[in-house]
Amino acid sequence: MKLIINGESIVFPEQQGHIYQLLCHLQMEQRIVIVELNGNIISKSAYETTLLSDEDRIEIVHFVGGG
Amino acid sequence: MKSPLRIGPHTFESRLLLGTGKFPDFDIQRKAVEVSKTEILTFAIRRMNVFEPTQPNFLESLDLNKYTLLPNTAGASTAEEAVRIARLAKASELCDMIKVEVIGDAKTLLPDPLETYRACEILLDEGFIVLPYISDDVILARRLQELGVHAVMPGASPIGTGLGLLNPHHLSFIIEQATVPVIVDAGIGTPSDAAKAMELGADAVLLNTAVSGAKDPVKMAEAMMWAVEAGRLGYEAGRIPMKRYASASSPLEGIPT
C-alpha cells in the first residue's frame, strides 16, 4: 500500500499491516518515536492493533535538540 | 540547607535547566550536561527522517531515570499548533511537563501572549504540567499564574542573543508577585547573567546557547552550574542594602597613633 509518511510518499510492501509492522519496516521499532495517523495520535499500546490503509497520512516524530 | 525547586509534583535539587540544541557533538553535549548537574533537559519535537532511521539521537543516549524531560512547543505560532506538539510529546509516555513556546515574530522570536495564554488554558485542562515561555510582562505572568500554570518563564532577552537581563526591574516585579516558580529563560549570555537572575530571586534559569555556543561548552556548563548556585545562595543569604557613601569595615576606635 502507499502511505504518506512525514510528507513523503512511501510504498509499504504489505497488503495489510499495523503501525508496529510499519515501524519494523522502517527500522524504527526500537526508537523513541511518536506516531500520528491521519491527525490522531496513536498510543504505544495500540501500535499492534491499529491497521493501516492505502493513502493513510502518517507523522512519525521524535525528540531532537532544542531549548 | 538549600531549598529544592518544586514544579507541580516534581522536586529538583538543581536550579539550572539546560537546553539541548546546537551542541557541536553528542560527546561534548553529554559532558556538558553532566557537569552542569542539571536535572531538567529541554527538547523539541520534530519529524523523524524516515530515510535515515539509524541516525543517532541524544535523548536515546541518556539515562532517563536521571533526567526530567521538558519538551517545548517550538515551531508553533498558534495555540492549536502548540497543543498538537504538546500532545505528541506526552504520547511518548516519557514526560508530563511542557514548555509552551508560541512565537509571535520571526525576527525577535518573542512569544505571542494571547496564543500562549490560550494554549496554556487547553493544556491545563488536559492535565499537563504547564510552563509558559513569556516576555517580561508582569501582568501576563500574573494572569497565567491565576489560570493555574505551574511556573512562568520570562525571557531575559530574545532567544539566542546572549544580551543578558535587559529588564531586571520587570523581572523583579514578576518574581515579587509570583505564587509559582519563576524560571528566567532565554537571552542569558554569561555566568554573571545567570547569577544576577538568581540574585533577583528567580527560582531557576533555563539556558541553551550560552553553553552550546561557547568556545568550550563543557567549561561553560560548569561555570553556569556555579553561577546559578552562587546566585541562589546569595539570594537566600540576603544582600546588604546599597549606600551612597562608604562605611568602614574596620573599627574606627583604637587606631594606633
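At roughly what angle do the axes of helix H4 (residues 138-147) of chain B and helix H5 (residues 168-177) of chain B cross, and within what distance do they come? In this predicted model, the two axes cross at roughly 25° and come within 9 Å. Because angles under 35 degrees count as roughly parallel, H4(B) is described as roughly parallel to H5(B). The crossing in which H4(B) passes H5(B) is right-handed. On the side of H4(B), the residues that meet the partner helix are Val138(B), Ala141(B), Arg142(B) and Gln145(B), and on the side of H5(B) they are His170(B), Phe173(B), Ile174(B) and Gln177(B). Sorted by class, the residues of this contact comprise four nonpolar, three polar and one charged.

Helix H1 (residues 26-36) of chain B packs with H8(B) at an angle of about 15°, and the axes of the pair are 8 Å apart. That angle makes H1(B) roughly parallel to H8(B), and the crossing of H1(B) and H8(B) is right-handed. H1(B) contributes Ile28(B), Lys31(B), Ala32(B), Val35(B) and Ser36(B) to the contact, while H8(B) contributes Pro217(B), Val218(B), Ala221(B), Glu222(B) and Met225(B). Within the contact of H1(B) with H8(B), seven residues are nonpolar, one is polar and two are charged.

Helix H2 (residues 79-90) of chain B and helix H3 (residues 113-125) of chain B also pack together, with an angle of about 40° and with axes that lie 8 Å apart. Such an angle makes H2(B) oblique to H3(B). For H2(B) and H3(B), the crossing is right-handed. The contact brings Ala79(B), Glu80(B), Ala82(B), Val83(B), Ala86(B) and Arg87(B) of H2(B) together with Glu115(B), Arg118(B), Ala119(B), Ile122(B) and Leu123(B) of H3(B). The residues of the contact of H2(B) with H3(B) consist of seven nonpolar and four charged, with no polar residue among them.

The empty space in the model was examined next. Rolling a probe the size of a water molecule over the atoms shows where empty space is left. The largest pocket holds about 450 Å³ of space, and its lining is formed by 28 residues, of which Gly67(A), Ile159(B), Gly160(B), Asn208(B) and Thr209(B) lie nearest the centre of the pocket. At least two residues of this lining are supplied by each of strand S4 (40-47), strand S10 (204-207) and helix H7 (209-212) of chain B. By class, the lining of the largest pocket divides into 11 nonpolar, 12 polar and five charged residues.

The volume of the second largest pocket is about 230 Å³. The residues that line the second largest pocket are Lys196(B), Glu199(B), Leu200(B), Gly234(B), Tyr235(B), Gly238(B), Arg239(B) and Met242(B). Helix H6 (191-200) and helix H8 (217-237) of chain B each provide at least two residues of this lining, and the largest share, three residues, comes from H6(B). In the lining of the second largest pocket, three residues are nonpolar, two are polar and three are charged.

A search of the whole structure for cavities of 30 Å³ or more finds one. About 70 Å³ of space lies in the largest cavity, which is lined by Lys2(B), Ser3(B), Glu13(B), Ser14(B), Arg15(B), Val228(B), Glu229(B) and Arg232(B). When the residues of this lining are divided by class, one is nonpolar, two are polar and five are charged.

Technical notes: Residues are numbered from 1 along each chain as its sequence is written. Chains are lettered from A and ligands numbered from 1 in the order in which they are written. This is a predicted model: local features need pLDDT of at least 70, side-chain atom pairs count only at pLDDT 80 or more; totals for chains, interfaces and linings use all residues. Side-chain values use heavy atoms; hydrogens and water are left out. Axes are lines fitted to C-alpha atoms, for helices over the stretch in contact, and angles run from 0 to 180 degrees between N-to-C directions. Helices (H or I, at least four residues) and strands (E, at least two) are DSSP runs, numbered from the N terminus. Angles under 35 degrees count as roughly parallel, over 145 as roughly antiparallel, 65 to 115 as roughly perpendicular and the rest as oblique. A crossing is left-handed if the near helix is turned anticlockwise from the far one by less than a right angle, and right-handed if clockwise. Contact means heavy atoms within 4.5 Å. Ala, Val, Leu, Ile, Met, Phe, Trp, Tyr, Cys and Pro count as nonpolar, Asp, Glu, Lys and Arg as charged, and the others, Gly among them, as polar. On a 1 Å grid over the protein atoms alone, a cavity is a set of points where a 1.4 Å probe fits but cannot get out, and a pocket is an open set with protein on both sides within 12 Å along at least five of seven lines; lining residues have an atom within 4 Å of a point. Grid points are joined across faces, edges and corners, and a volume is the space filled by probe spheres set on the points.
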